Amino acid sequence: MSAATDIARETGRRLTAADTAGLNAALDWSQRLLDTEAARVDRLGVRGALDAVPIALKDNIVTTEQPTTCASRILEGYTSPFNATVVDRLRSAGAMIAAKANMDEFAMGSSTEHSAYGRVRHPLDHDRVPGGSSGGSAALVAADVVPVALGSETGGSVRQPASFCGVVGVKPSYGRVSRFGLVAFGSSLDCISVFGRTVNDAAKVLSAISGADPLDATTLDRPAMPLPRPREDLRGLRVGLPKEYFPADLHAGVAAGLQRTREAILDLGAEVCDVSLPHTAFAVPTYYIVAPAEAAANLARFDGVRYGPRKVGPGGDVRALYQATRGQGFGAEVRRRILVGTYVLSAGYYDAYYKQAQRARALIAEDFRRAFATGVDLLLTPTTPTPAFRAGEKTDDPVAMYLADIFVCATSLAGLPALSLPVGRSEGLPVGAQLIAPFFEEELMLSAAAAIERVVPATAEVR
Amino acid sequence: MSIGRDEVRHVARLAELAVNENELDRLVEQLSRIVDYVAQLEQVPGDAASDPFLPGPHSVALRDDVPVPIPLRYPPADMAPEFAEGFYLVPRLGAMGDE
């Protein structure tokens, strides 16, 4: 039996154990497909950078072998006729697609409770959420089922669950990784992003999937990201702490985790300074106008004619078909966001909401540009205001749920690279620190994160 | 409430989304809460740049216009009752009116 087959069998055992434990993190996987992937790796002959590495894909990344549901009833039974560019690139590097991971429906949510296939459990405490919307991918890495996984970010949907689950989550610059084959949510925001047990694991995957793609005109014409060179220390770097990300009421455990990280950065020889991003308060409201507006347009294609099951409405005409299919096929959060997006784009409200959000987005991006122009190399912030919250705690109040993204969505609006690094635990629950870098400075960000990772214990209690 | 029942019905029609009458009150409450929350963008300075910010490349890189077959999940013959020589067979024009 080849090494790839051994790994495929072990991955199958771990997926079975995760299913049995009730994690509900994997939507579709089979031992047969894993064995097929192993045979394909054996046929490759050459050992790629991800040789026989099993990887889970969020279920909004299309493959020809498995259904892609986006955790929605409206795409039940849909299988794509083509593979996402990232899937082809992962396979070229020797990786094995292990499973499609559960998620918030169409990537809309911060807790992975909005899945048509049931909520994902936090691996350390099943009464809590793993974060979202890429909660299934995060949970599979945190539970040690797979070492790496792909998620997608529109407004923090990889960094936030990475923080909640105690794993590394890396969002690249917009345009670094092809979106071809990622089911669109907010096209000016969407980024395929990476989970890993370690910074280096995540960096290897990002390197393999990055680079220009003729099938996605928004990728930048630059080669794949080289693997970051290891750093012994952080001498010569200047790390800024934006005061708006450290409010007085920040969770004590999160504040302690960040203090520990700040001290480690100083010990590693970097300079630390305070900076200001004055328009940060506009980030969440801006995001919750821009993203639903783009979603309302992108999800118009799901109408019962081209994809998934079809419902026939009263009257029997084509509009009744659209309305019944969409009304019954989409879940509550997706329908809310489509309605909000349609509202802010409609006549009479466009200037007051959407145009104003575009202005705010420009101001938020300018805040980051100015901060980096002062000589700051990286920014350090908490990833989330609290550790993982309890299931059901925020489902009745959409705005309370949206505020779980308060520290992650500004970077998405600005298209910048950022990552979440586990920096300790508070009462047993992981705490994440976020590093934000200038556009296309992923190598610097990842090499600094790897240096911090070596000295900050990821699983020790913070005080 | 900043949004009323009629507005929710109107937006739902624009979005081609069926909304049940029994869920309307809850939607009115939740959408009002969201819209009231995002309304804080009124405070964005009026003199702020009005050009939309977009991340990514400044110009879109176009690929060569080379026609390639578009993969289909199922062959075209499986999508309609009758298919022959690359065409779907449908009733002759006017034939339906004769029936």
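The model is predicted: local features require pLDDT of at least 70, side-chain atom pairs count only at pLDDT 80 or more, and totals for chains, interfaces and linings use all residues. Residues are numbered from 1 along each chain as its sequence is written, and chains are lettered from A, with ligands numbered from 1, in the order in which they are written.

Chain A has 14 helices and eleven strands. Helices (H or I, at least four residues) and strands (E, at least two) are DSSP runs, numbered from the N terminus. The C-alpha atoms of chain A fill a box of roughly 70 × 65 × 45 Å along the principal axes. For 463 residues, a compact globule would have a radius of gyration near 23 Å, and the 21 Å of chain A agrees with this. That radius is taken over C-alpha atoms, and the globule rule is 2.2 Å times the number of residues to the power 0.38. Of the 463 residues, 62% count as buried. A residue is buried if 20 or more other C-beta atoms, placed from the backbone, lie within 10 Å of its own. Among contacts in chain A with a separation of 6 or more, 76% join residues 24 or more positions apart. Contact requires C-beta atoms, placed from the backbone, within 7 Å.

Helix H6 of chain A (residues 199-209) is mostly covered, with nine of its eleven residues buried. Among them are Val199(A), Lys204(A), Leu206(A) and Ile209(A). The cover includes helices H3 (85-92) and H14 (442-455) of chain A. It also includes strands E4 (148-153), E5 (168-171), E6 (191-196) and E10 (418-426) of chain A. Just after H6(A), Gly211(A) takes a positive phi of about 115 degrees.

Strands E7 (residues 238-242) and E8 (residues 271-275) of chain A pair in the parallel sense over five bridges. Pairing requires at least two DSSP bridges between the strands. Pro242(A) stands opposite Val275(A) in E8(A). With helix H7 (residues 252-267) of chain A, E7(A) and E8(A) make a right-handed β-α-β unit. Right-handed means that, with the strands pointing away from the viewer, the path from the first strand over the helix to the second runs clockwise.

At the interface, 36 residues of chain B are in contact with 47 residues of chain A. Helices H1 (5-14) and H2 (24-38) of chain B each supply at least two residues of the side that touches chain A. H2(B) gives the most, with seven residues. The residues of this side of chain B divide into 27 nonpolar (Ala, Val, Leu, Ile, Met, Phe, Trp, Tyr, Cys and Pro), five charged (Asp, Glu, Lys and Arg) and four polar (the others, Gly among them).

Technical notes:
Two residues are in contact if their C-beta atoms, placed from the backbone, lie within 7 Å. A residue is buried if 20 or more other C-beta atoms lie within 10 Å of its own, exposed if 12 or fewer, and partly exposed in between; C-beta atoms are placed from the backbone.
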